[in-house]
Amino acid sequence: MLRLLCRFALSATVASVGIAAAEAHAFLDHASPTVGGEVARPAEVTLWFSEEVEPIFSGVIVTNAAGDRLDDGKIVADPHNAQELHVPLKPLWPGVYKVQWHVVSVDTHRTEGDFSFTVAPG
Amino acid sequence: MPDLFLATARAIHYAALAQFAGLFVFLRVVIGAAPSPLSDVDSAALRRRFLRLAWMSLVMITLSGAAWLALEGVAITDEPLSAVFHNGVITALLGGTRFGHDLEIRAALATIAALLLALPGRDGTHRQVALLLLGAGMLGGAAWMGHAAAIAGEAGDLHIVVDTLHLFAIACWIGGLLPLALTFTAAGSTPDATWTRGFCVVTRRFSTLGFWSVGTVLATGVINAWFLIDGPASLLGTSYGRWLLAKIILFLAAVAIAGVNRLSLTPRLGHGEASAAATCALRRNALLELVLGCAIFWVIGVLGLLPPAMHAMAAT
């Protein structure tokens, strides 16, 4: 029995070939403010992903052109949609802002990306 | 390097789950219907081997599950393995993710299965059925950890059901091969007319079980491909597609061997000298199918780390 099991384990190992690196799974589907869009002062950034995500291992950082962080360090999962994350913001002045996000989907794969939006004057 | 270990941990976990569930399907569906002594599992040596196989499967489920948890922590956080154990990542995974909850449920089911196995007394129908259901439950939970779980809505629910059927059919087929090989070995060392009759029944029933299992694997595999593949171009144009092709090739090779077993070797059983040669060939082929099955599980382990071809094509 032990001989048989060792043979199977060896076969499983020998059968392995080069493995591709893990790639992205949950893509950013759309956001508010929209990617590259121009808005009045938003109170939060909302991101919708292509798959359900795990908030506990996800993060979003919003910075201005000077690199100052303008989110309050929290992300809030939408209670009705596991594909949606909300990021409360501090008051924003007119200018260009960058959103850097990373998420882990429920099938445990990590993705990351970034986009910009503009806060219009007035 | 972590990806290689992660794929291996996943492959061993799936293989051990399939082996555990497949063993009890074999005992209830194949052995259970055979004439005595096989239906009573009278052979003490064979019973001990089946019990040992069940225990080894549970141990592998537990060890590979623990390894998968740790390596997943490394993959998600990009921190070294030692840091993952000390900075709360394991706790967060177990308490805060679907993956962790699923592992906890599977650990609970494995614990109940271990208690049932450890109970003294004869291996009766009720215990085997309970262990079969526990094995099926653990397998079903595995579907909640794959790509199907990440799809929201009714499409995701359907995909999970299809994935569960796919895994269970693989378990009935691949998971039954080692018990079948053990039965061949016992039959070979017990040249008794009653054993031979019972053994012929076992082989024919496993052949039928294998036929329906392969059919289910094929049908559910096609449905899964519809969810995950975006046309023939993605089979060659994405990593996921190429690995899926490898899985299909391994599957076809195993089916070819199963076809030889069913159409050529099984009919020769119970007919004099041809029966002995057929028995040896069936045992050899069962082990060969099992090796291919191990390779299939390895590819399953890899596929779970890659974005489905449909997503990869959309990203490009």
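**A walk through chains A and B**

Start in chain A by selecting β1, β3, β6 and β5: these four strands make an open sheet in the order β1-β3-β6-β5, with antiparallel pairing. Strands here are DSSP runs of E with at least two residues, helices are runs of H or I with at least four, both numbered from the N terminus, and two strands pair if DSSP finds at least two bridges between them. Colour β1 (28-32) and β5 (76-78) of chain A next: they stand at the edges with a single partner strand each, so one side of each has no neighbour in the sheet.

Before moving on, a word on the model. It is predicted, with local features needing pLDDT of at least 70 and side-chain atom pairs pLDDT 80 or more, while totals for chains, interfaces and linings use all residues. Residues are numbered from 1 along each chain as written, chains are lettered from A and ligands numbered from 1 in written order, and side-chain values use heavy atoms, without hydrogens and water.

Now zoom in on β1(A) and β3 (residues 44-49) of chain A, which run antiparallel and are joined by four bridges. Pick A:Ala31 to find its bridge partner in β3(A), A:Leu47.

In β7(A), A:Gln100 is the bridge partner of A:Ile61.

Finish in chain B with helix α5 (residues 98-118). Its buried residues include B:Phe99, B:Leu103, B:Arg106 and B:Leu117.

Note on methods
The expected span of a helix is 1.5 Å times one less than its number of residues. Buried means under 20% relative accessible area, exposed over 50%, partly exposed in between (1.4 Å probe, protein chains only).
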